[in-house]
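Student: Could we go through this model together, with the terms settled before the details?

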Amino acid sequence: MSSVAMQSETIAAGSNTAELDTTRPFFSVRDMHAYYGESYIVQGVSLDIRKGEILALLGRNGAGKTSTLRTIARTDNPQMRQGEIWLDGMPIHEMSSYQAARAGIQLVPEDRRIIQGLTVEENISLAKVAPGNGWSLEQIYESFPRLAERRTQEGVTLSGGEQQMLAIARALARDLKLLLLDEPYEGLAPVIVHEIERILHSIKPLGITTIIVEQNAVAALKLADRAVILDTGEVAFAGTAKEVLDNADLRHEYLAI
Ligand SMILES: Nc1ncnc2c1ncn2[C@@H]1O[C@H](COP(=O)(O)OP(=O)(O)O)[C@@H](O)[C@H]1O
Ligand SMILES: [Mg+2]
């Protein structure tokens, strides 16, 4: 493939501002296999995302979406036994979860993991302790005015939507390159979903790349550039989000919408 030639063409065509390279995958998973003990769950998943894109990772309950995100974040459970994960030229598959986080991969799990006994601001400040160039408190409060209003409130007392915002804010406080969101809209009112969509959209031009797992497939597809549908741990479809929205058969078969 002449990806190097295409890449240099992009650089030559661009200015010296933060031009996004749209030719080469920024994040790439190659034939990834992972197990919980002897249970074989992630069965050869591959996917590519360009810098600043949003990928919707969809599929029925139990399809392996959460397990795929955990494997990418290099958690021990499930354990990856085969495959490669590349982020911006870095071999993530050779890293521990701690190293992957330092390399810029931040997983926001379904339960959000807000730390009990700490205020909103303390939750963010604790995330900032990690090395690297994350967002400042000022930048975070500018993008999340609700968090600014509640900065001295205990994090776990926030509404579900505000906790989701806090979880995303914590990821932004670290050196974030790839954001992994597991069901971020679950249980949230439409108005809060829109606010989170606005934030996810606004970080795209900064080059932050996102994988969003959502049961609300329509909302995720409207936000996303690309879509991957999983079925029993394998990729059943990979293409653009629009292709899924336009394909009723695909939606019926795998997403029940
Ligand atoms: N900790 C675990 N130990 C063993 N099996 C698990 C564990 N977590 C999930 N599984 C199994 O892995 C499969 C995929 O689950 P999961 O990745 O959570 O799917 P999804 O997020 O798409 O609903 C399911 O069959 C589930 O029962
Ligand atoms: Mg899940």
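Tutor: Let us start with the words for strands: helices (H or I, at least four residues) and strands (E, at least two) are DSSP runs, numbered from the N terminus, and two strands pair if DSSP finds at least two bridges between them. This is a predicted model, in which local features need pLDDT of at least 70 and side-chain atom pairs count only at pLDDT 80 or more, while totals for chains, interfaces and linings use all residues. Residues are numbered from 1 along each chain as its sequence is written, and chains are lettered from A and ligands numbered from 1 in the order in which they are written.

Student: Okay, the hairpin of strand 4 and strand 5: which residue there takes a positive phi?

Tutor: Asp 88 does, with phi near 50°, in a hairpin that has 2 residues between its strands. Strand 4 and strand 5 run antiparallel and are joined by 2 bridges, and Trp 86 has Pro 91 in strand 5 as its bridge partner.

Student: And what order do the strands of that open antiparallel sheet take?

Tutor: The order is 2-1-4-5, an open sheet of 4 strands with antiparallel pairing. Strand 2 and strand 5 (90-91) stand at the edges with a single partner strand each, so one side of each is left without a neighbour in the sheet.

Student: How many bridges hold strand 1 to strand 2, and how many to strand 4?

Tutor: Strand 1 (residues 25-36) pairs with strand 2 over 9 bridges in the antiparallel sense, with Val 29 partnered by Leu 47 of strand 2. Towards strand 4 there are 7 bridges, again with the strands running antiparallel, and there Tyr 35 has Gln 79 as its bridge partner.

Student: Switching to the ligand: which residues are around ligand 1?

Tutor: Taking a residue as near a molecule if its C-beta atom, placed from the backbone, lies within 6 Å of it, the residues around ligand 1 are Tyr 36, Ser 39, Ile 41, Gly 59, Asn 61, Gly 62, Ala 63, Gly 64, Lys 65, Thr 66, Ser 67 and Asn 77. Strand 2 (39-50) and helix 2 (65-72) are the elements that give two or more residues to this shell, and helix 2 gives the most, with 3 residues.

Student: What does helix 2 lie across?

Tutor: Helix 2 lies across strand 1, strand 2 and strand 4 (79-87), and it runs at about 70° to strand 2; such angles run from 0 to 180 degrees between N-to-C directions, with axes fitted as lines to C-alpha atoms, for helices over the stretch in contact.

Student: Which strands does strand 3 run parallel to?

Tutor: Strand 3 (residues 54-58) is joined by 4 bridges to strand 9 (residues 226-231), and by 4 bridges to strand 8 (residues 209-213), running parallel in each case. Leu 57 stands opposite Val 213 in strand 8 and opposite Val 228 in strand 9.

Student: Last one, Glu 183: is it buried or exposed?

Tutor: Glu 183 is buried because 20 other C-beta atoms lie within 10 Å, and this residue has a positive phi of about 50° although it is not a glycine. Ala 256 likewise has a positive phi, of about 55°, but Ala 256 is exposed, with 10 other C-beta atoms within 10 Å.

Definitions and conventions. Contact = placed C-beta atoms within 7 Å. Buried ≥ 20, exposed ≤ 12 C-beta atoms within 10 Å, placed from the backbone.
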